[in-house]
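The structure is shown first.

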Amino acid sequence: MNFKQIFNFLAQLQVYNDRNWFNEHKDEYNEARATFETFINALILPLSQLDPSIGTVTAGECMFRIYRDIRFSNDKTPYKTHFSAFIANGGRKTRMAGYYIHLQPDESFFAGGIYAPDPATLQAIRNAIYHNPDEVRAILNDKNFKKLFPTLSHNDKLKNPPKGYPKDFEEIELLKNKHFVTHHALDNEFFLKENVVDRLMEIVKVQYPLNEFLNKAVR
């Protein structure tokens, strides 16, 4: 898989982010996108074997469009400068926990979990944590998990404990989270070496227990 071609295209797009340039380089975009789609499909197979909840999802269901919605944004650049996909049951539109891949020159990363859950899903997660604090703490305290994912969430938390839970609950800080996601940065070289799917799966395996916990809560 030609990740170098993806990075080269996206690097140029960062500089020439307008419709005229994009249309002139549409063939390069299509080649880069096809490579990314091949990569996501190659990743789905071992991922679904690890996490059966993913089911028979396809790369097309998981990949995000490169076109930005600029209707309500001060930034009027028309294109995203990254390729991304969220692999989960139901693809990118799911309410389930899943695995996010973000490819961008010098800013690539892997993330997992649930970002911006709807109120019912958020309530279900908080209830699961409240009733199973030891289980979730064992996952977060695992040495490999802490090494790859030292922080949980996007530092977007409630200032006060959510209603309905005692303030002295041992994991009250977890309940304040609005998102339940992990983040692990990946440099360009990660994708330019051989066996990228196998190496990424080693990271995914560490993330999986948290997703399993979250998905049990929201099913």
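Met96 lies in the loop between β1 (83–87) and β2 (98–103), where strands are DSSP runs of E with at least two residues and helices are runs of H or I with at least four, numbered from the N terminus. The model is predicted: local features need pLDDT of at least 70, side-chain atom pairs count only at pLDDT 80 or more, and totals for chains, interfaces and linings use all residues. Residues are numbered from 1 along each chain as its sequence is written, and side-chain values use heavy atoms, with hydrogens and water left out.

Buried means under 20% relative accessible area, exposed over 50%, and partly exposed in between (1.4 Å probe, protein chains only).

| Residue | Relative accessible area | Class |
|---|---|---|
| Met96 | 16% | buried |
| Ser53 | 16% | buried |

Contact means heavy atoms within 4.5 Å. Leaving aside residues up to four places away in sequence, Met96 touches Phe86, Asn89, Gly113, Ile114, Asn215, Val218 and Arg219. With its neighbours within four places likewise excluded, Ser53 is in contact with Asn89, Asn215 and Arg219. The C-alpha atoms of Met96 and Phe7 are separated by 30 Å, and the two residues are 89 apart along the chain.

Helices α5 (residues 119–131) and α10 (residues 196–218) pack at an angle of about 115°, their axes 8 Å apart; axes are lines fitted to C-alpha atoms, for helices over the stretch in contact, and angles run from 0 to 180 degrees between N-to-C directions. On the α5 side the contact is made by Thr121, Ala124, Ile125, Ala128 and Ile129, and on the α10 side by Phe213, Leu214, Ala217 and Val218.
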